[in-house]
Amino acid sequence: MEASKQVALPSAETKKFRHEDFFHVEPYEKHNIVEHFLEAFAAILHFTDYKALLDTYCSTNNKCNRCAVTCPVYQVTGDPHDIPCYKTNLLLEIYKRYFTIGGWVKSRFSNSFELTEDVIDELAELLYRCTACRRCTRECPMGVDHGLMTRLGRYILSMIGIQSKALHVSVREQLTGETHNTSKVPRAALVDTLEFLAEDLEEMLGISFEVPIDQTDREFVFFCAVSDYLMEPDTLMGNFAVLKAAGDWDNWTIGSGNYDGINYGLFYSDWHLENIIKRLVGEVTRLNGRKILIGECGHASRSAHDFVPIFGGKEAYPVVSFIEYTLDCIRRGKIKLDKDIITEKVTYHDPCNIARSGWIVDQPREILKGFVRNYVEMEPHGIENYCCGGGGGLVSIDEIHDYRMEIAGRVKAEQIRQTGAAIVIAPCANCKKQLKELVEYYKLPCKVMGLHDLILKALIIPGGKSPKVRKEESAMFEM
Amino acid sequence: MEGWIEFAKGPLFAVSFSIMILGLARHVVIQIYSLAVRKGRRLRNVPWRKIILDTLSWAIPVKHMIPGTRLFSSVSFLSHIGIIVVPLFLADHIVLWEQFLGLDLPQIGRELADYLTLFTMAALLVLLYCRIFKRRHRAVSTTSDYILLVLVFLPFASGYLASHPSVNPLSWQAAMLIHLLSAELLFVVIPFTKLAHIVLFIFDRISEVHWQLRPGAGDKVAESLYGKEVKI
């Protein structure tokens, strides 16, 4: 009995729906759960604009099933419960039954749909199987945004305490903790890390670096996923090197009050989304900066780009993605890249959060094609790309590692294998983590890197060592 | 029987058609209200050009043919041609439009109308087949999805029978009465079911607008549920 209660993942082979495997949601009080759910739903409908959205979807959702063939999860499991439309419908059923006159009338005349603890369990399970990549939305003839519906469902659940523990612990620390960031990196550790990175860069490039912290009146205030300071030093060094080579070293700063661009609120809660954005904007105001520069991170870029204009009020600073910044430097001739350094076959993975809307699709390709000789595309790519399998915050939930590998990321792994590339570029902290795990899990013969990791290798630094010398040095070091 | 047909052609038609028009107008008004009034200044952040192009691309969704759903998608798109053209432009219907709305619409040939009708009926049967026999479709289909397909099928079938006595097992009057009543039933249900997409398709692709969340709402929701001292 005990064994069956443990993580019994629905693997690709069994293709079974197991909503009792409630492993990735914080334990919650089951007492009166249905009532709580409806109260939270009612409060959300009262204070937000979701009612109009739900009304529209109730009248247009045609259940044509096109979303099923676009969904990377359904393609692997073949389980009807994984069809995006099925999940959306579950939420719409609840709305119709309890918040519309038609639903009430129907419930008087028949044993129609009723919300029970089981339905809530199922909803929670299904919503946290979705990577919110919104690939289905593009192919829905009725434009039903299943990503937004997943998010709304998770928002309602989070208001009654059903939420991914991993995500929520991070958000709690970011908003109310001492360090105010998701990875609990204290200020002293940040300063140490930056000094360490500067030393490394100095050794590598042959010029001195002093990373600006808390400088006021700068053009850019830089935010990256705080986990990059711990896990992706190469990406950060690439970012710093570009700023240095472009002559913008005195134009930017990192704020020690808030140096975390991560916003898990984007995945499950309007409440947290807004408060995290306000903290971000507050830091720029404190430093009297003029623009928000977001490092390589898909959801951080999107949440800042899309929600600073909404929640920022009068202080809605322009948001610049580091990819856009680098491309701008290249176009204006501020930085140059050596075309003879990268000889391996390189492919590019589009992070859903920046690519699906068509925002950042061509920019990284223009950069890569400028200095990579052997560039190959995944199929499909760009706006139509497949999610890495860790979207919607799933990558942070270690408990579902097997699910992410076996199901959510399987299509992506196959895509990567088909390109035959030696280097996969993914300009997103979450995608990088998931792809690295996928590469290891499926034993793919390739390396996952950030865009600026690669740029760092080929970047020509005025007055510093040439990329060729650096390449030889690192080859010797690796031997 | 003749009296019933006259009643169905006259007052019943006027009433059911009015219900449809008013119901659909209500949808449009609510949509515009929820956009203009509720979203207000946040509409400036929305990429309108992209949304309009996207909506237009779905009018003739050739580039949206994707593997795995070619049959269902192409059939459901093609069925729309007959569903729109025949009711509007068939010679016998034009008389109705002129009588009630004063509209002078161009008419299509009877032969073309026949082919379109037959094709539409076949298409609707294919859609019904998919819903019944394909697991993936069945999984998300509800009673109303089946009933609506039949409801759209009925006026086409009865209309075809009424105009082709050689294949009609019923009397002309019976076929015509079924034709009128089923069409009128359809008019009435349109605004209250997913068939409302005959006007709502204009607003289909505005999910970007709905991503413009309401500032301050998150705090209010939390406070209303857990009081001022709410903890994250």
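Biologist: Which residues in H24(A) are buried?

Modeller: This is a predicted model, and burial is judged here by counting neighbours: a residue is buried if 20 or more other C-beta atoms lie within 10 Å of its own. In H24(A), the buried residues are Leu451(A), His452(A), Asp453(A), Leu454(A), Ile455(A), Leu456(A), Lys457(A) and Ala458(A). The helix, residues 451–458 of chain A, is therefore described as mostly covered, since eight of its eight residues are buried by that count.

Biologist: In what order do the four strands of the open sheet in chain A lie?

Modeller: The order is E7-E6-E8-E9, with parallel pairing. From one strand to the next, the twist averages 35°.

Biologist: How many bridges join E6 and E7 of chain A?

Modeller: Strand E6(A), residues 342–348, pairs with E7(A) in the parallel sense over four bridges. Within E7(A), Tyr375(A) stands opposite Val346(A).

Biologist: How many residues does each chain bring to the contact between A and B?

Modeller: In general, the size of an interface is often given as the accessible area lost when the parts come together. Here one may count residues instead: chain B supplies 49 and chain A supplies 47. On the side of chain B that touches chain A, the elements giving two or more residues include helices H1 (2–39), H3 (70–89) and H11 (217–226) of chain B. H11(B) gives the most, with eight residues.

Methods: Residues numbered from 1 in each chain as written. Chains lettered and ligands numbered in written order. Predicted model: local features only at pLDDT ≥ 70, side-chain atom pairs only at ≥ 80, totals over all residues. Buried ≥ 20, exposed ≤ 12 C-beta atoms within 10 Å, placed from the backbone. Contact = placed C-beta atoms within 7 Å. Pairing = 2+ DSSP bridges. Axes fitted to C-alpha atoms, helices over the stretch in contact; angles between N-to-C directions.
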